[in-house]
Amino acid sequence: CFNPATPDALTWKPFYDPIDDGGLTTRPEVYYAATTSWFSDGSLGVYWGTGSPYQRTSSDNGYFFAVRDTNPSSCTSFTVDGISDCGAAGVYTLDAGEGLTGDPIIYAGVVYFSTWVPAADVCDGGTGRVYGIAYDDCAPGMDTNGDGAVDATDTAYEEETGYVSGITVTEQGNLVFGIHNASMDGSSDIGFQAAQGDPFLGTASLAWMEVF
């Protein structure tokens, strides 16, 4: 909580507890930063996921959290609710052993994040995934079936044959991510996804003025 009168004195407040607020029985490890997005009504969406870079062989389910602070300007009377259709109480359940491999990011209304899903036999490695879900209801946010449209026929993620290191969005709205394949020669690759939507969300420039 930030007070403009004393900007060097932050006050920490409990925001969300996976057990008390999310209904989980444990508090899974979180190693990657949260990301945020404003809603048109002034509420603030907050998104983060579980997973440890030091433990990739767990059989416990991973989780991605999508919650909404309905009064972000207050440190005393804020309410945090799960975003509708993002799972019970904002808990979006991932597969067994699945965990994030980098910070989630939001671009043009879509939350992107990468995960690693270990194989049942750890000697077989696992599978990387690139997720793209809508920030306001966790619906599919990428054209995963290649039909030129993003709709209910798409899935929440695409699988990659390797460990996805994280996702970056270019100025043109393209997704770029690293893929490492567990082979003897240590080969790696660069993943690429074409722009998934309108980066300006339908807005247009009406005028341009330069002041000297």
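These legends walk through several close-up views of one predicted protein model.

Residues are numbered from 1 along each chain as its sequence is written, and side-chain values use heavy atoms, leaving out hydrogens and water. Because the model is predicted, local features need pLDDT of at least 70 and side-chain atom pairs count only at pLDDT 80 or more, while totals for chains, interfaces and linings use all residues.

View 1. The protein chain has zero helices and 13 strands. Here helices (H or I, at least four residues) and strands (E, at least two) are DSSP runs, numbered from the N terminus. Of the 212 residues in the protein chain, 38% are buried. Buried means under 20% relative accessible area, exposed means over 50%, and partly exposed lies in between (1.4 Å probe, protein chains only).

**View 2. A disulfide joins cysteine 86 to cysteine 138.** The two sulfur atoms sit 2.1 Å apart, and a disulfide is a pair of cysteine sulfur atoms within 2.5 Å. By this rule the count comes to one disulfide. The link of cysteine 86 and cysteine 138 is right-handed, with 105° about the S-S bond. Cysteine 86 belongs to the loop between β4 (80–82) and β5 (91–96) and cysteine 138 to the loop between β9 (126–134) and β10 (157–160), so the pair ties together parts that are 52 residues apart in sequence. Both cysteine 86 and cysteine 138 are buried.

**View 3. Asp95, Glu98, Arg129 and Glu159 are linked in a network of salt bridges.** Side chains of opposite charge can pair when their charged atoms come close. A salt bridge is a side-chain nitrogen of Lys or Arg within 4 Å of a carboxyl oxygen of Asp or Glu, and the count by this rule comes to five salt bridges.

**View 4. Arginine 27 and aspartate 17 meet in a salt bridge.** Their side chains come to 2.9 Å, N to O. Both residues lie in the segment before β1, so the pair ties together parts that are ten residues apart in sequence. Arginine 27 is exposed, with a relative accessible area of 54%, whereas aspartate 17 is buried, with a relative accessible area of 17%.

**View 5. Aspartate 143 is buried yet has no salt bridge.** This residue is found in the loop between β9 and β10. The nearest side chain of opposite charge, arginine 129, is 18 Å away; for charge, Lys and Arg count as positive and Asp and Glu as negative, with His and the chain ends not counted. A polar atom of the aspartate 143 side chain lies 3.1 Å from the backbone nitrogen of glycine 146. The side chain of aspartate 143 also reaches the backbone nitrogen of glycine 148, at 2.9 Å.

**View 6. Phe2, Leu10 and Trp12 form a nonpolar patch on the surface.** Together these residues have about 440 Å² of accessible area, from the Shrake-Rupley method with a 1.4 Å probe; for residues, only the protein chains shown count as cover. Patches are made of residues with over 30% relative accessible area and no salt bridge: like charges are joined within 9 Å, nonpolar side chains (Val, Leu, Ile, Met, Phe, Trp, Tyr) within 5 Å. Phenylalanine 2 sits in the segment before β1 (35–38) and is exposed, with a relative accessible area of 54%.

**View 7. Aspartate 85 and alanine 108 each have a positive phi.** Most residues other than glycine have a negative phi. Aspartate 85 has a phi of about 70°, lies in the loop between β4 and β5 and is exposed, at 66% relative accessible area. Alanine 108 has a phi of about 50° and is found in the loop between β7 (105–107) and β8 (110–118). Alanine 108 is partly exposed, with a relative accessible area of 25%.

Note on methods. A polar contact is a pair of N or O atoms within 3.5 Å; within protein, one must be able to donate a hydrogen and the other to accept it, and residues adjacent in sequence count only if both atoms are side-chain atoms.
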